[in-house]
Amino acid sequence: MKITITVENPTPEALEKLLALATMPAAVVTTVPDDRWTPERARSYYDRLPPRAQQILLQVVDGEGECAADELKANGRSLRGSTGAFRRVLSEGKRTGLWPDALPVPLVSHIVGGQLKKLEMPGRGTEPYPLPAFEEGLCDLRSGD
């Protein structure tokens with residue numbers, strides 16, 4: 001059995017009681033910081049994106065965390081309006097309590113001279129790097145799997 005408890009801004013007394021539960025025999029406690037992507041969060045986020053933004057996200061994940069704008073525009077596909085969905089869907093999820101406020105946007109646009117050059121998942125090599133969570137959360141959708 002798996003039980004997930006989310007506590008935002010716990011009082012010291014509430015935190016003490018929760019930690020006491022963790023000391024019970026055979027209790028396994030894991031925590032997910034509010035600023036980390038998990039496979040479940042990644043899949044939930046993907047499922048809420050519009051279709052073109054879903055395609056773009058999968059291309060970035062398949063590209064090991066980055067994808068050139070030229071590749072994203074292949075076959076005459078436009079990026080106009082598609083990349084704004086990443087921030088908009090995250091904001092809506094935060095506003096409705098689906099995701100914590102500290103969860104970062106998983107994709108960053110790199111713009112040079114007013115032109116989008118690539119999209120990437122930021123923070124490569126750091127603990128909150130979202131790519132592993134998205135690889136696991138979207139594994140059944142990815143072309144390389």
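Rings of Phe, Tyr and Trp pair if their centres lie within 6.5 Å, with the six-membered ring used for Trp. By this rule, the predicted model holds 5 aromatic pairs. Trp 37, Tyr 45, Trp 99 and Phe 134 form one aromatic cluster.

**Ring geometry**
- The ring centres of Trp 37 and Tyr 45 are 5.1 Å apart. Their planes meet at 65 degrees, so this pair is edge-to-face. The cut-off for that class is over 60 degrees.
- Trp 37 also pairs with Trp 99.

**Where the tryptophans sit**
- The pair of Trp 37 and Trp 99 links distant parts of the chain, 62 residues apart.
- Trp 37 is in the loop between helix H1 (12-22) and helix H2 (39-48).
- Trp 99 is in the loop between helix H5 (84-95) and strand E2 (108-112).

**Burial in the cluster**
- Trp 37 has a relative accessible area of 7%, so it is buried. Tyr 45 is buried too.
- Trp 99 is at 3% relative accessibility and therefore counts as buried.

**Leu 79**
- Beyond its neighbours within four places in sequence, Leu 79 is in contact with Arg 52, Ile 56, Ala 69, Leu 72, Lys 73 and Leu 116.
- Leu 79 and Ile 56 are 23 residues apart along the chain, and 8.9 Å separates their C-alpha atoms.

Methods. Residues are numbered from 1 along each chain as its sequence is written. This is a predicted model: local features need pLDDT of at least 70, side-chain atom pairs count only at pLDDT 80 or more; totals for chains, interfaces and linings use all residues. Side-chain values use heavy atoms; hydrogens and water are left out. Rings of Phe, Tyr and Trp (its six-membered ring) pair if their centres lie within 6.5 Å; planes under 30 degrees apart count as stacked, over 60 as edge-to-face and the rest as tilted. Buried means under 20% relative accessible area, exposed over 50%, partly exposed in between (1.4 Å probe, protein chains only). Helices (H or I, at least four residues) and strands (E, at least two) are DSSP runs, numbered from the N terminus. Contact means heavy atoms within 4.5 Å.
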